[in-house]
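Subject: Handing over the structure

Hello,

Here is the structure I promised to pass on. Have a look at it first, and then read on for what turned up in it.

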Amino acid sequence: MHCVPMSENKRLKPNTPTPDSGESPLLNESILFLIFESVKWDIHILCLTASLNQKLRAIAERLLWRKLCAYRAPRMVKALANGAPNSRINGGWNALAKLMFFCCGCESTRNFQLSQRLAGHFVKSSRFSKTSGRSFLTKKCRGDLLYVSDPCEHPLGDKDDDVGIFRGVFRGFTRSKTRASLIQRQVGLEESVRCPYCGARVWSMTMARLVPKSATRRLGTHDGGLEYFVCLNGHLHGTCWLVPLSSDEEGNDGSEDSDDGLDDDDDRTVKDGSTSSMGEEV
């Protein structure tokens, strides 16, 4: 009788893993990347995936949130990460992803009174611009890099003006001139407000008197018609009254003012033959 060697006999056995022999294919990073690439890194699907179990949440925090951000806003992420896409970012990539896709809503603060609370919600798209960000920096802080979104408009039934809710993020906030100015002015952190994106404590830029007039013009509001906060990780969120523009004011957001100049390398798009600082849409 011919005996089959033990090593050969093993090779002939079918490779049928037992239930306890391995992990789910969903825990394979390569498979996860293929899945999310096929759905164009949909934020809702990634949120659902990260909530399934601790292992998927760990993979999301280590890799997937960063991949999502880089896929949806490559130029902004490259700038925020100083050209090193694998680097860490203040507050975490999951907080940046939330900031990109989630309007945090708002409620009354001591400098901005509302008749009702406005709930947060996911947005279909947002446009972030460093030119808009420059409008939120005082002259002494113009060396900082700040991306700010267009305001998300929220109509109120008992008001003529809509409420605009905006958000943004600094690059390297711990080394920024804005943070240095806050510390130099000995501005205290807010007691009742937290960052809606990372949970860190925040400064009120209104109380710090670091709100330039160019921010008012950029948002299309009136003096004293806005309030915004910056957290310890450099996330910005705020609210404003969106005053309806007259025919003379349309098309003029104050960007021609010397206090709100444009960067030569700013993200731009061209429409109908005109150039404008449209930023990057996510």
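One definition before we start: Ala, Val, Leu, Ile, Met, Phe, Trp, Tyr, Cys and Pro count as nonpolar, Asp, Glu, Lys and Arg as charged, and the others, Gly among them, as polar. With those classes, the lining of the second largest pocket has six nonpolar, seven polar and six charged residues.

Please keep in mind that this is a predicted model, where local features need pLDDT of at least 70 and side-chain atom pairs count only at pLDDT 80 or more, while totals for chains, interfaces and linings use all residues. Residues are numbered from 1 along each chain as its sequence is written, and side-chain values use heavy atoms, with hydrogens and water left out.

The overall picture

The protein chain has nine helices and 12 strands; these are DSSP runs numbered from the N terminus, helices (H or I) of at least four residues and strands (E) of at least two. Of its 282 residues, 42% are buried, where buried means under 20% relative accessible area, exposed over 50% and partly exposed in between (1.4 Å probe, protein chains only). Among contacts between residues at least 6 apart in sequence, 62% join residues at least 24 apart; a contact means heavy atoms within 4.5 Å.

Pocket and cavity

Both terms come from a 1 Å grid over the protein atoms alone: a cavity is a set of points where a 1.4 Å probe fits but cannot get out, a pocket is an open set with protein on both sides within 12 Å along at least five of seven lines, and lining residues have an atom within 4 Å of a point. Points are joined across faces, edges and corners, and a volume is the space filled by probe spheres set on the points.

The second largest pocket has a volume of about 370 Å³. It is lined by 19 residues, and Cys106, Glu107, Thr109, Val193 and His237 are the closest to its centre. Strands E8 (226-231) and E9 (235-242) each supply at least two residues of that lining, and E9 gives the largest share, three residues.

How many cavities of 30 Å³ or more does the structure hold? There is one. The largest cavity has about 40 Å³ of space, and its lining consists of Phe136, Leu137, Thr138, Cys141, Thr178, Met205 and Leu210. By class, that lining has five nonpolar, two polar and no charged residues.

The cores

In soluble globular proteins, nonpolar side chains tend to be buried together. A nonpolar core here is a set of buried Ala, Val, Leu, Ile, Met, Phe, Trp, Tyr and Cys residues joined through side-chain atoms within 4.5 Å. The largest one has 51 residues, of which Trp65 and Met100 touch the most other members. Several elements each supply at least two residues of this core, including helix H2 (29-38), helix H6 (93-101) and strand E6 (162-170). Helix H4 gives the most, with seven residues. Apart from this core lies another, of 21 residues, among them Cys141, Phe166, Phe173 and Ala208.

Leaving aside neighbours within four places in sequence, methionine 100 is in contact with residues including Cys69, Met76, Phe128, Arg167 and Val282.

Some residues to look up

- Histidine 235 is in strand E9 and is buried, with a relative accessible area of 1%. Not counting residues up to four places away in sequence, its contacts include Asn90, Leu99, Cys195, Tyr197 and Phe229.
- Valine 148 is in strand E4 (residues 146-149) and is buried, at 0% relative accessible area. Phenylalanine 136 is 12 residues from valine 148 in sequence and 8.4 Å away in space, C-alpha to C-alpha.
- Serine 214, in helix H9 (residues 213-219), is buried with a relative accessible area of 0%. Its side chain reaches the backbone oxygen of serine 135 at 2.7 Å.
- Arginine 88 sits in the loop between H5 and H6 and counts as exposed, at 84% relative accessibility. Its C-alpha atom is separated by 9.1 Å from that of arginine 66, 22 residues apart along the chain.

Enjoy exploring it!

Best wishes

Technical notes:
Polar contact = N/O pair within 3.5 Å; in protein donor to acceptor, adjacent residues only side chain to side chain.
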